[in-house]
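Hi,

Here is the structure I promised to pass on. Have a look at it first, and my notes on the aromatic side chains follow below.

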Amino acid sequence: QEQLVESGGGLVQAGGSLRLSCAASGRPIEAYAMGWFRQAPGKEREWVASINWSGSNTYYTDAVKGRFTISRDDAKNTIYLQMNSLKPEDTAVYYCAFKLHSGDYYSARYYGYWGQGTQVTVSS
């Protein structure tokens, strides 16, 4: 059974850094694009970043460009999200998912096997 487990979240001051991990089991991540999304209280889930199957292309929402970096290690069946210069507005639960269908990278409907999420809280 496919499973994704996110980790690495926590409480950090504005300007700080965190590195999120997303470990997959039950299905190899190789050959799949993968993505990170986040959901803040009272808001809809929003796309954060994606990486294509080979790792040669990465995509980011404008709000995190230049601050976040998505990467993958297929040997460890894990993807990462390095988050620098964190802001209070980055506070959310962060989720990873497999991109299972062709379509826009930023659309959650093309993703599946969502993890349970990891909380990131940035204090001002």
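Predicted model: local features only at pLDDT ≥ 70, side-chain atom pairs only at ≥ 80, totals over all residues.

Take Phe37 and Trp114 to begin with. Their ring centres are 5.0 Å apart and the planes meet at 70°, so this pair is edge-to-face (the cut-off is over 60). The two residues come from distant parts of the chain, 77 residues apart: Phe37 belongs to strand β4 (residues 33-39), while Trp114 is in the loop between β10 (111-112) and β11 (118-123). Phe37 has 0% relative accessibility, so it counts as buried. Trp114, at 29%, counts as partly exposed. Trp114 also has a charge on it: the charged end of Arg45 sits over its ring, 4.6 Å from the centre.

Then there's Tyr59 with Tyr105. Here the centres are 4.2 Å apart with the planes at 20°, so the pair is stacked. Tyr59 is in strand β6 (residues 58-60) and Tyr105 in the loop between β9 (92-99) and β10, so the pair ties together parts 46 residues apart in sequence. Both count as partly exposed, Tyr59 at 28% relative accessibility and Tyr105 at 23%. Tyr105 has a charge over its ring as well: the charged end of Lys99 sits there, 5.1 Å from the ring centre.

One more thing to look at while you have the model open: Tyr32, Phe98 and Tyr113 form one aromatic cluster.

Cheers

Conventions: Residues numbered from 1 in each chain as written. Heavy atoms only, no water. Phe/Tyr/Trp six-rings, centres within 6.5 Å; stacked < 30°, edge-to-face > 60°. Helix = DSSP H or I, 4+ residues; strand = E, 2+ residues; numbered from the N terminus. Buried < 20%, exposed > 50% of the residue type's maximum accessible area, 1.4 Å probe, protein only. Lys NZ or Arg CZ within 6 Å of the ring centre and 35° of its normal.
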